[in-house]
Amino acid sequence: MPRQGLNPRQAETVERLLAAGLEELRAVGHEALTVRTVAQRAGVSPATAYTYLASKNHLFAELFWRHLTATEIAQIAAGSATQRLQATMRALTARIVEEPELAAAVTPALLGTDPDVARLRLRIGAEFLSRFETALGDEADPDVLEVLVLTFSGALLQAGMGLMTYDQIAERLVAAVDVIMRGN
């Protein structure tokens, strides 16, 4: 939730704002979107929207967090640790590609200093770490996990900066996992 301790009516308002935010993002893109236009689409006042969303970057980070965790990525039980990690990288990247406007919006949003964004940035990083740890299973070396998170985050940044597409990073990440896992 964007804010903790919400009553049912407040939680419903937040859900309306997030749904409207995703619709607005898809309609106008991240640069043209404002919290005011999201509030209008959700049928609430801008003051109400700002009660729950500190900024449009907060909105993007919240939407990305929810998108990332909305469905469980199927765990690959068969194969080597390297193969399981590669499958996890592909699945995470595919999940991100499902919402291209959100993928484009979240990179600059996560680089901000807003405390609500910082909180979500940590949760998103922890989710990546958890997915990689699950893929590694008993072979989950903390140093390897750190390199995997850094590699994945760096690839997302590269795609967010337009240096390669999200589809291209999937295969680059598969190759990177092969290099990282050679020593294990």
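**Salt bridges in the model**

Arg-119 and Asp-116 sit 3 residues apart in helix α7 (residues 115–136), about one turn of the helix. Helices here are DSSP runs of H or I with at least four residues, numbered from the N terminus. This is a predicted model, in which local features need pLDDT of at least 70, side-chain atom pairs count only at pLDDT 80 or more, and totals for chains, interfaces and linings use all residues. Residues are numbered from 1 along each chain as its sequence is written, and side-chain values use heavy atoms, leaving out hydrogens and water.

Side chains of opposite charge can pair when their charged atoms come close. A salt bridge is counted when a side-chain nitrogen of Lys or Arg lies within 4 Å of a carboxyl oxygen of Asp or Glu. That rule gives 11 salt bridges.

Arg-119 and Asp-116 form one of them, with the closest N and O atoms 3.9 Å apart. Asp-116 is buried, at 13% relative accessibility. Arg-119 is partly exposed, at 27%. The cut-offs are under 20% relative accessible area for buried, over 50% for exposed, and in between for partly exposed (1.4 Å probe, protein chains only).

Arg-90 pairs with Glu-171, with the closest N and O atoms 3.2 Å apart. This pair links distant parts of the chain: Arg-90 belongs to helix α5 (residues 81–97), Glu-171 to helix α9 (residues 166–181), 81 residues apart. Arg-90 is partly exposed at 37%. Glu-171 is partly exposed at 45%.

Asp-178 meets Arg-182 in another salt bridge, 3.7 Å from N to O. Asp-178 is partly exposed at 35%, while Arg-182 is exposed at 61%. Finally, salt bridges join Glu-15, Glu-62 and Arg-66 in a network.

Key. Helix = DSSP H or I, 4+ residues; strand = E, 2+ residues; numbered from the N terminus.
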